[in-house]
Amino acid sequence: MSKQLDAVTFGEPMAMFYANETGPLHEVTSFSKALAGAESNVATGLSRLEHKTGYVTKLGEDNFGQFIVGALNKEQIDTGSITYTKEFPTGMLIKSKVLTGDPKVEYFRKNSAASKLSLADFDEAYFASAGHLHVTSISSALSKTCHEFSLHAMEFMKKSGKTVSLDPNLRPTLWPDKETMVNTINDLATRCDWFLPGLSEGKTLTGLETPEEIAGYYLERGVSLVVIKLGPEGAYYKTAAGEEGYVDGFKVETVVDTVGAGDGFAVGVISAMLEKLTVAEAVKRGNAIGALAVMSPGDMDGLPTRDGLEKFMKAGV
């Protein structure tokens, strides 16, 4: 019998080498190693807030695979449904250090073990043991089998009466073309309960301009909650029941690294919704964790414990 989980997610975790000095990546000589990947960021954030979380993926039987499982276990994330392959390697990436703007990232993930995740790896009992499923569109971009896994997982959880969240996490370079990306993600969105795009992502996916129009587009297609990230300004939300509003962002003293902010936001919204807080409170928590994420160097260094989150939110009121 599988243990009960509050949430489960799946995707491609990677070993990340991030530069310890600024400058072009080919000139950098000192790197630190950490776990990276949008879904592992969300799993880590939920686990630090004491939600029992499981992570499903396929890893290579190599040192990076060992490192990733160790890093997930350190965060108390359940790894019982991870599968392994000798044939394909675990993915990795290198990331530059910048003083302003977004860092440069170079991926080594083509034909990675995670891209071979397929329906054969879907463990019904494991997913059934979780109350919520979090998905990003990155998995669907990796391969046809990963996309099939995504669709099946979302449909399985919906039929089982569980909630499903989707963060589009646009990665244009992983898709064959923009049209495929837009059509696939909009199809995925019709299968989720909570949709969490950024404003520019919403514009790309719908061709619409305002948060209100973008939210309306997805609510008409069956989504029950749309939350649109507006960067430092905060976020806008609208529900199928007609609730809507803008929630201000938190003051950020210094932006250290923008990567992981959207994942932090997802952690805030999902955790609060699982705790049955109001939608406005959930969006406020999303803003808070997104702000903490950009003030820290690694993708998940800023993801808070419950105490850390409460202190930050009290100080920011």
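Predicted model: local features only at pLDDT ≥ 70, side-chain atom pairs only at ≥ 80, totals over all residues.
**The whole chain**

Start with everything shown as a cartoon. The protein has 11 helices and 14 strands. Its radius of gyration is 18 Å, close to the 20 Å that the globule rule gives for 317 residues, so the protein is as compact as a globular protein of that length. Along the principal axes, the C-alpha atoms fill a box of roughly 50 × 45 × 40 Å. Switch to a surface view if you like: the accessible area is about 13,800 Å², and carbon and sulfur atoms contribute 53% of that. Of the 317 residues, 56% count as buried. Among contacts with a separation of 6 or more, 69% are between residues 24 or more positions apart.

**Strand β10 and its neighbours**

Now select residues 163–167, which make up strand β10. Four of these five residues are buried, so the strand is largely enclosed by the rest of the structure. Next, bring in residues 194–195, strand β11, which pairs with β10 in the parallel sense over two bridges. On this side serine 165 stands opposite tryptophan 194. To follow the chain from β10 to β11, show helix α6 (residues 178–189); this β-α-β crossover is right-handed.

**Inside helix α5**

Select residues 144–159 for helix α5, and pick out serine 150 within the helix. Serine 150 has 0% relative accessibility and so counts as buried. Leaving aside residues up to four places away in sequence, serine 150 touches Phe10, Ser139, Ser140 and Leu188.

The protein has 11 aromatic pairs. One of them joins phenylalanine 122 and phenylalanine 149 edge-to-face, at 5.5 Å centre to centre with 65° between the planes. Phenylalanine 122 lies in the loop between β8 and α3, while phenylalanine 149 is in helix α5, so the pair ties together parts that are 27 residues apart in sequence. Phenylalanine 122 is buried at 11% relative accessibility, and phenylalanine 149 is buried at 0%. Turn next to phenylalanine 127, whose ring centre is 6.0 Å from that of phenylalanine 149; their planes are at 65°, so this pair is edge-to-face. Phenylalanine 127 sits in helix α3, 22 residues from phenylalanine 149 in helix α5, and phenylalanine 127 is buried too.

Methods. Residues numbered from 1 in each chain as written. Heavy atoms only, no water. Buried < 20%, exposed > 50% of the residue type's maximum accessible area, 1.4 Å probe, protein only. Helix = DSSP H or I, 4+ residues; strand = E, 2+ residues; numbered from the N terminus. Pairing = 2+ DSSP bridges. Right-handed = clockwise from strand over helix to strand, strands pointing away. Rg over C-alpha atoms; globule rule 2.2 N^0.38 Å. Contact = heavy atoms within 4.5 Å. Areas by Shrake-Rupley, 256 points an atom, 1.4 Å probe, with all protein chains shown as cover. Phe/Tyr/Trp six-rings, centres within 6.5 Å; stacked < 30°, edge-to-face > 60°.
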